[in-house]
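Some terms used for protein structures rest on plain cut-offs.

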Amino acid sequence: MGITKSEHFTDNQNELAILTKALGHPARIAIIEYLIKVDSCICGDIVNELPLAQPTVSQHLRELKNANLIKGSIDGKTICYCINEIGFAKIKNFFGSINSHIEKNNKECC
């Protein structure tokens with residue numbers, strides 16, 4: 001994050017920025033939706049589901065894994081991916097606090 005001066009923000013703010021940035025591409029949303037639908041899968045299945053080349057899908061998977069939104073295990077040549085509950089719990093808490101604020105302060109401000 002060099003130019004954004006991330007050191008001026010809390011660890012939590014930086015972590016949430018990484019998590020939400022990882023979700024900032026429609027292919028990654030599609031991967032998450034697919035993992036939710038099948039509850040686990042292998043990389044080849046994901047490639048068959050998306051209109052993208054295998055190296056592109058692998059790059060998106062790497063971004064999601066680096067952000068701790070998915071986790072994977074290696075079984076021979078196969079990598080199985082699934083949702084990482086810890087990453088999504090952090091997102092849920094963040095958006096939950098926004099939702100609570102909106103519900104509590106049900107008034108127009110601007």
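Two strands pair if DSSP finds at least two bridges between them. The model shown is a predicted one.

Q: What is the order of the strands in the open sheet, and what is the pairing?
A: The open sheet has 3 strands in the order S1-S3-S2, and the pairing is antiparallel.

Q: What makes strand S1 and strand S2 edge strands?
A: Strand S1 (41-42) and strand S2 (70-75) each pair on one side only.

Q: How do you know that S1 and S3 pair?
A: A pair needs at least two bridges, and S1 and S3 are joined by 2 bridges, so the two strands count as paired. They run antiparallel. One of the residues involved is Ile42, whose bridge partner in S3 is Cys80.

Q: How do you know that S2 and S3 pair?
A: Here 6 bridges join S2 to strand S3 (residues 78-83), against a requirement of at least two, so these strands are paired. In S3, Ile79 is the bridge partner of Ile74, and Thr78 is the bridge partner of Asp75.

Q: What lies between S2 and S3 in the hairpin?
A: There are 2 residues between the strands, and Gly76 in the turn has a positive phi of about 70°.

Q: Which helices lie on the sheet?
A: Helix H2 (residues 26-38) lies across S1, S2 and S3 and runs at about 90° to S3. Helix H4 (residues 54-66) packs on the sheet as well, touching S2 and S3, with its direction at about 115° to that of S2.

Q: Why are H2 and H4 called roughly perpendicular?
A: The axes of H2 and H4 cross at roughly 75° and come within 10 Å. Angles from 65 to 115 degrees count as roughly perpendicular, so the term applies to H2 and H4.

Q: Which residues make the contact of H2 with H4?
A: From H2 come Ala27, Arg28, Ile31 and Ile32, and from H4 come His60, Leu61, Glu63 and Leu64. By class, the residues of this contact are 5 nonpolar, 1 polar and 2 charged.

Q: Why is His60 called buried?
A: Buried means under 20% relative accessible area, and His60 has 7%, so His60 counts as buried. His60 sits in helix H4. Apart from neighbours within four places in sequence, His60 is in contact with His25, Ala27, Arg28, Ile31 and Leu52.

Q: How many residues apart are His60 and Ser100 in sequence, and how far apart in space?
A: His60 and Ser100 are 40 residues apart in sequence, and 32 Å apart in space from C-alpha to C-alpha.

Q: What makes H1 roughly perpendicular to H5?
A: Helix H1 (residues 11-22) and helix H5 (residues 85-104) pack at an angle of about 105°, and their axes are 10 Å apart. The range for the term is 65 to 115 degrees, so H1 is roughly perpendicular to H5.

Q: Which residues of H1 and H5 make the contact?
A: On the H1 side they are Glu15, Leu16, Leu19 and Thr20, and on the H5 side Gly87, Lys90, Ile91, Phe94 and Phe95. This contact has 5 nonpolar, 2 polar and 2 charged residues.

Q: How many aromatic pairs does the structure hold, and why is the pair of Phe94 and Phe95 called edge-to-face?
A: The structure holds 1 aromatic pair. The ring centres of Phe94 and Phe95 are 5.2 Å apart, and pairing requires centres within 6.5 Å, so the rings pair. Their planes stand at 70°, and planes over 60 degrees apart count as edge-to-face, so the pair takes that term.

Q: What is the phi of Asn68, and where is Asn68?
A: Asn68 has a positive phi of about 65° although it is not a glycine. Most residues other than glycine have a negative phi. The place of Asn68 is in the loop between H4 and S2. Its relative accessible area is 43%, so Asn68 counts as partly exposed.

Technical notes
Residues are numbered from 1 along each chain as its sequence is written. This is a predicted model: local features need pLDDT of at least 70, side-chain atom pairs count only at pLDDT 80 or more; totals for chains, interfaces and linings use all residues. Side-chain values use heavy atoms; hydrogens and water are left out. Rings of Phe, Tyr and Trp (its six-membered ring) pair if their centres lie within 6.5 Å; planes under 30 degrees apart count as stacked, over 60 as edge-to-face and the rest as tilted. Helices (H or I, at least four residues) and strands (E, at least two) are DSSP runs, numbered from the N terminus. Contact means heavy atoms within 4.5 Å. Axes are lines fitted to C-alpha atoms, for helices over the stretch in contact, and angles run from 0 to 180 degrees between N-to-C directions. Angles under 35 degrees count as roughly parallel, over 145 as roughly antiparallel, 65 to 115 as roughly perpendicular and the rest as oblique. Ala, Val, Leu, Ile, Met, Phe, Trp, Tyr, Cys and Pro count as nonpolar, Asp, Glu, Lys and Arg as charged, and the others, Gly among them, as polar. Buried means under 20% relative accessible area, exposed over 50%, partly exposed in between (1.4 Å probe, protein chains only).
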